[in-house]
Amino acid sequence: MSAASGAYRGLLDKYRHRLPISESTPIVNLYEGNTPLLPLENIPRESRVDADIWVKLEGLNPTGSFKDRGMTMAVSRALEEGSRAIICASTGNTSASAAAYAARAGMRAFVLIPDGKISLGKLAQAMMHGATIIKIDGNFDDGMRLVREVAEEAPVTIVNSINPYRLQGQKTVAFEVVESLGRAPDFHCLPVGNAGNISAHWIGYSEACPGERNCVTASCNFCDGSCPYASEPLADSRPVMVGYQATGAAPFLRGHPVENPETVATAIRIGNPQSWDLALAASAESGGWFDEFDDAEILATQKLLAEKEGIFCEPASAVAVSGALRDLKSGKIPAGSTVVCTLTGHGLKDSDAAIAQDSAPMLTVKANRDAVRNAIAGALE
Ligand code: F0G
């Protein structure tokens, strides 16, 4: 099957020379990546915030979250290495993505999820794609520990972000941001859970910036000094990386793992992030910081984005915008800055969380013209 030359065929194809793949790597993809970078229009004006705030709509990836960037990479390499099955622990999005890419590759997927603590949309995805779903009476951190233990003896490849290929795929988000803006932003704000994504963003920005190509993982084929894109710099600076967590699951704010993480933003309900050191390094090297928001603040920003901008992201994603707005108002992020927020997942993933907010005016009327007309007139009053 062939497509017009120049047609977009996913990020492994586009960034082939910047990723640890070779001619013989079988590419498993769903044409992920290439997501819109959209400016916020109404919120900055109405909140009297003087900055260019852009949102990277990662919820428009094939399975509805940024995980697809890492999964195309990890599953392609797993297949190349002869693996027949993949496994992950997940708060939902990784399992949805793993299940989809395993289906595409003709592999088995095993997903460990915290029973009752992942959104139904994400569970539905894993079920539809035919993953074997293992519910545990524990949280994500328990699942992660079990996956590590089991993978030592079972013939399964871990596709959580401790698999270094995951971060390699996810770093491409930074390339796209730089290409869209024509430069690196001044600040990049994003939610932090297991901390892989903030680490991957930093790898990507570092590789896009000449003189800063200090690859953090050892997995890149080009770390022998023959890096082919030394000759094609994208940006002349790197952003300050700012990571936000939910108050009930904020190990980076506490300075140590959190025993029983709790938040409505179930995607980031994580107490013991696996990429702890990489995330701390990204924060320190970029001059960034971490901050936290409680559930009410997170949900309020999710609603604000939906109502004021027409953008429906999941609660975990909204925390990036909560943070950007607060830090701009306090001056921590200076006025006039160019700020990018990664909106990591689509709001439809967690329709329960949205409906539970229950603030939309919902009217029930008789199925006749007068009743509907009166309802509209009443609402317009
Ligand atoms: N936003 C969403 C929507 C997520 O699903 C996740 C992580 C994050 C943010 C945090 O990213 O872990 O790289 O710091 N979800 C994982 C999962 C843990 O299992 O789906 P991170």
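**Exercise 1: Helices α8 and α9**

The crossing of α8 and α9 is right-handed. The model in which this crossing is found is a predicted one.

Task. State which residues make the contact of α8 and α9, and determine how the two helices are oriented to each other.

Solution. 
- Step 1. Helix α8 covers residues 172-181 and helix α9 covers residues 196-208; their axes come within 7 Å and cross at roughly 50°.
- Step 2. An angle under 35 degrees would count as roughly parallel, and one of 65 to 115 as roughly perpendicular.
- Step 3. On the α8 side, the contact is made by V173, A174, F175, V177 and V178; on the α9 side, by H201, G204, Y205, E207 and A208.
- Step 4. Sorted by class, this contact of α8 with α9 has 7 nonpolar, 2 polar and 1 charged residues.

**Exercise 2: Helices α9 and α11**

Task. Determine the handedness of the crossing of α9 and α11, and name the residues that meet there.

Solution. 
- Step 1. Helix α11 spans residues 276-286, and its axis comes within 8 Å of that of α9, with a crossing angle of roughly 50°.
- Step 2. It follows that α9 and α11 are oblique to each other. Their crossing is left-handed.
- Step 3. From α9, I198, S199 and W202 take part; they meet L278, A279, A282, E285 and S286 of α11.
- Step 4. These residues divide into 5 nonpolar, 2 polar and 1 charged.

**Exercise 3: Helices α4 and α5**

Task. Decide whether α4 and α5 are roughly parallel or oblique to each other.

Solution. 
- Step 1. The axes of α4 (residues 93-105) and α5 (residues 120-128) come within 8 Å and cross at roughly 20°.
- Step 2. Angles under 35 degrees count as roughly parallel. Therefore α4 and α5 are roughly parallel to each other.
- Step 3. The crossing in which α4 passes α5 is left-handed.
- Step 4. In α4, N93, S95, A96 and A99 meet K122, Q125 and A126 of α5. The contact comprises 3 nonpolar, 3 polar and 1 charged residues.

How values were computed
Residues are numbered from 1 along each chain as its sequence is written. This is a predicted model: local features need pLDDT of at least 70, side-chain atom pairs count only at pLDDT 80 or more; totals for chains, interfaces and linings use all residues. Side-chain values use heavy atoms; hydrogens and water are left out. Axes are lines fitted to C-alpha atoms, for helices over the stretch in contact, and angles run from 0 to 180 degrees between N-to-C directions. Helices (H or I, at least four residues) and strands (E, at least two) are DSSP runs, numbered from the N terminus. Angles under 35 degrees count as roughly parallel, over 145 as roughly antiparallel, 65 to 115 as roughly perpendicular and the rest as oblique. A crossing is left-handed if the near helix is turned anticlockwise from the far one by less than a right angle, and right-handed if clockwise. Contact means heavy atoms within 4.5 Å. Ala, Val, Leu, Ile, Met, Phe, Trp, Tyr, Cys and Pro count as nonpolar, Asp, Glu, Lys and Arg as charged, and the others, Gly among them, as polar.
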